[in-house]
Amino acid sequence: MDQPRHRAKDRHSAPAGAPTPTGNLLLAGLPSGERQRIIARCEPVQLELGEVLYEIGGRVRHVYFPTSSFISLISSTDRNSRLEVGLVGTEGMLGVSVMLGLETATLEALVQGAGTALRMSAAHFSLELKRSPVLVKLLNRYLHVLMSQLSQMAACTRFHIVEERLARWLLMTRDRAHSNEFRLTQEFIAFMLGVRRAGITRAATALQKRKLIRYTRGNVTILNGRGLEAASCACYAAATQVYTQSMQ
Amino acid sequence: MAGIGFPQQNNILDALPQAERERIYPHLKPVTLPLGKVLYESGDLLRHVYFPIDCIVSLLYVLENGASAEICVVGNDGVIGVALFMGGETTTSRAIVQSAGVAYRLTGRRLKQEFERQGETMHILLRYTQALITQMAQTAVCNRHHTVDQQLARWLLLSLDRLPANKLAMTQELIANMLGVRREGVTDAAGKLQRLGVITYSRGLITVLDRPRLEQLSCECYSVVKKETDRLTRARAIAVPGQQFPT
């Protein structure tokens, strides 16, 4: 569900014909009447880095439409074995499982990029789903995007080397952070990619030597986006394509 | 495999209320699916969906270089082709028959019509989708963190749950493709299970002798997926006389 590459630019010059007063592209895809009704039901919230919005098996009380924040979806088998399987930013929403008729979360949701989001109670969201076939249709398409991402992650983690996966992951993060610079500790990246920290250090050093990124004291700067795309496995481009095809 | 079975032997078709059944059942067509048949390739337009009765279909994610890994397995608990009703039209995975048998086939157009009514059919299909999501996420984390031995045990259990007997016709090559590991890895893991008296393996037929032990040897990913699938679809063993292991 990676966004089109020009996204970072779009933020400054909104795409023609698609004004996004909310900052969330999923909501922007709704007819204006529906969009306004839904936004009226939401409250703006500030999400902090590291905040856990859903715990596995925990009750889902709210759904979130990120407007500048982004959230990791994490699958785990125990405390030490975890893996990020999805990333939700302004292109998507957190809480589609409510649409699937579920009250509990099956994946952990952790704020990876601090920022704002629109939040709605799960109960209100269920009501809106009953009222708005357009919303349901839009979210079904988004669900397809999420599922593609999920299945891709399963294969990608199996076959691709850490350096390729790190490149893909930095690009996905960039798209959602809407910036070429972000704060990330190696520990956090290791945890998300499900590898040892030493592996991340090696991969980051390799990318740095190729002048694709700069990495100092937890600050990542992407110096050469195109080069990083070439260094990434094909999964980044594939996910971008699925998103574009499904959501346009 | 005994005859063509009944639509009700598929949990999704069985869960449909009467009115939905009357609209859908007349359009179901039983088809026999041989081992190894590819129902669709990644990127294909989906023309049909399949409701397995006693066959198993694996969904594989195929990477650019042709390597593939199984992301989920579908039997009489589910349906193949969920991308279709989600409006995806094309699929991002390959669906391949992992164990031969019968399925009921429905045109994509018919299922879409029914789904778009946004009634009970939609809810049933979405709940199943959630079970698939759980399976995919668990498979991803399992691929990353668990040994081939554990993964083989998980894979055998998930397959057996979708079969009427405790036997599975399967080559090591196919298993290696499913798990996305080298063949030697599967040979080693299967050899261990055989020495422990948990399975026998001869001429492409795997027979599970000690299921409780197999569950112990599997990582917890099996029980996570099973619990979630049971919770979200209605758990029902396939009613076949002579079934040796109650599921």
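1. How much space lies in the second largest pocket? The second largest pocket holds about 540 Å³, a volume being the space filled by probe spheres set on grid points that are joined across faces, edges and corners. On a 1 Å grid over the protein atoms alone, a pocket is an open set of points with protein on both sides within 12 Å along at least five of seven lines, whereas a cavity is a set where a 1.4 Å probe fits but cannot get out; lining residues have an atom within 4 Å of a point.

2. This is a predicted model, in which local features need pLDDT of at least 70 and side-chain atom pairs count only at pLDDT 80 or more, while totals for chains, interfaces and linings use all residues. Residues are numbered from 1 along each chain as its sequence is written, chains are lettered from A in the order in which they are written, and side-chain values use heavy atoms, without hydrogens and water.

3. Of the 28 residues lining the second largest pocket, those closest to its centre include Gln241(A) and Thr92(B). The largest share of this lining, eight residues, comes from α10(A); helices (H or I, at least four residues) and strands (E, at least two) are DSSP runs, numbered from the N terminus.

4. The largest cavity has about 250 Å³ of space. Among the residues closest to its centre are Leu73(A) and Ile133(B). Its largest share of lining, four residues, comes from α5(A).

5. The second largest cavity has a volume of about 170 Å³. Its 18 lining residues include Val82(B) and Met136(B), which lie among those nearest its centre.
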